[in-house]
Amino acid sequence: MKVLLAGASGAIGMPLIRRLHAAGHDVLALYRSPEGRARLAAAGTTPIRVDVLSTPALVRALQGQRADAVISEITALKKTPMSHKDMTATNILRTKGTANLIAAAHQLGARRFLTQSMVFGYGYGDWGGRVLTEADQFGPPGHGRFEEHLAAMRSNEEQVLRADGLDGIALRYGLVYGPGPASDTLIEGLRRRKLPIVRNSGVLPWVYVDDAAAAATVAALEQATPGAAYNIADDEPVSLATLMIVMARAIGAPRPRAVPGWLLATAPLARAAVTGGLRVSSTRAKTELRWTLQAPTYREGISLLACHYTQAAA
């Protein structure tokens, strides 16, 4: 297939491009930052620089192009979101950006549309150990400013799964980790012991970047049921604190300092995520997409991550 990939130069986009090419697909790569072009061209794509929030610019940029499918991996997250305002730009992308990309799919003659969704769309807080599946309500009403984020995730999925003339699919990623700019910052912070961990933090679903971006997303492009949503997370949810302790040990960094959860009182979004408890089942993706993981738990994922940084240092 010829695939239009939005958010192509991001942490998920680059490994996804490699796997798409390996599967024999051609890629039209949408990007926004000036430095993205050389990297995308070197990866064998057709780079197209455009702001997906500008409807006229997107129409002009895609004139004369055709595609069989669109994959949206658009976010505006440059760092871990701590406050509600840190999600504002991504919320806009999930609403207006998604609408513009659906219009672009029609312009390109595409019939298939995959969108990046995420597990926090089930809600923030502690689920008391219950394992959530795709049958559970997605995008329930949120309290206070949490509704802004839930409404954006709800809108993103509803637009795609109900789009006329498109086979829409939503991939509800766990928290993605692996080689990339975000991990570069995390590794440096751990080595300098500048990233504390929160005591009594709750478990969260995680997924190694190559398992999410490459294996699951390409499998969904080729095999997913139209109108379906899939949880994409590994087999063992774990707290951020445990993840960071194991990661620090793997890279030879000192153990992170522990701080009480109340210190996050001024960062309500981060506090809700870190101190809650969320578990999801990825059985549907494994069954319908025949998705297999190279990192079934965070242990294998951190081992792969540590190998990457060891080789980079050498």
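1. Glu 236 is partly exposed, with a relative accessible area of 26%; in this note buried means under 20% relative accessible area, exposed means over 50%, and partly exposed covers what lies in between, with a 1.4 Å probe and protein chains only. The coordinates behind this value are a predicted model, in which local features need a pLDDT of at least 70 and side-chain atom pairs count only at pLDDT 80 or more, while totals for chains, interfaces and linings use all residues. Residues are numbered from 1 along each chain as its sequence is written, and side-chain values use heavy atoms, with hydrogens and water left out.

2. The partner of Glu 236 deserves a look alongside it. Arg 299 forms a salt bridge with Glu 236, and the closest N and O atoms of the two are 2.6 Å apart; a salt bridge is a side-chain nitrogen of Lys or Arg within 4 Å of a carboxyl oxygen of Asp or Glu. Arg 299 lies in helix H11 (residues 298–313) whereas Glu 236 sits in the loop between S12 and strand S13 (238–239), so the pair ties together parts that are 63 residues apart in sequence. Helices (H or I, at least four residues) and strands (E, at least two) are DSSP runs numbered from the N terminus. Arg 299, at 44% relative accessibility, counts as partly exposed.

3. The structure holds 9 salt bridges. One of them joins the side chains of Glu 148 and Arg 145, with an N to O distance of 2.9 Å; Glu 148 is partly exposed at 34% relative accessible area, and Arg 145 is partly exposed at 40%. Another links Glu 188 with Arg 192, where the closest N and O atoms are 4.0 Å apart, and Glu 188 counts as partly exposed at 39% relative accessibility.

4. Arg 94, found in helix H4 (residues 88–108), is a residue that a reader may wish to inspect. Arg 94 is buried yet has no salt bridge, and the nearest side chain of opposite charge, that of Glu 73, is 9.1 Å away. When residues up to four places away in sequence are not counted, Arg 94 touches Met 87, Gln 116, Met 118, Ala 152, Met 153, Ser 155, Asn 156 and Gln 159, where contact means heavy atoms within 4.5 Å.

5. Ile 232 belongs to strand S12 (residues 229–232) and counts as buried, at 0% relative accessibility. The C-alpha atoms of Ile 232 and Tyr 173 are separated by 4.7 Å, although the two residues are 59 apart along the chain. Leaving aside neighbours within four places in sequence, the contacts of Ile 232 include Leu 171, Tyr 173, Val 207, Ala 285 and Trp 291.

6. Two backbone angles call for a careful check, given that most residues other than glycine have a negative phi. Arg 193 has a positive phi of about 55° although it is not a glycine; Arg 193 lies in the loop between helix H6 (181–191) and strand S9 (197–198) and counts as partly exposed, at 34% relative accessibility. Arg 290, likewise not a glycine, has a positive phi of about 55° and is placed in the loop between helix H10 (283–288) and H11. Arg 290 is exposed, with a relative accessible area of 62%, and apart from neighbours within four places in sequence it is in contact with Gln 223 and Ala 285.

7. The overall picture of the chain comes last. The protein chain has 11 helices and 15 strands, and buried residues make up 52% of its 314 residues. A compact globule of 314 residues would have a radius of gyration near 20 Å, and the 19 Å of the protein chain agrees with this; the radius is taken over C-alpha atoms, and the globule rule is 2.2 Å times the number of residues to the power 0.38. The C-alpha atoms fill a box of roughly 55 × 50 × 35 Å, taken along the principal axes. Among contacts between residues at least 6 apart in sequence, 78% join residues at least 24 apart.

Conventions. Lys and Arg count as positive and Asp and Glu as negative; His and the chain ends are not counted.
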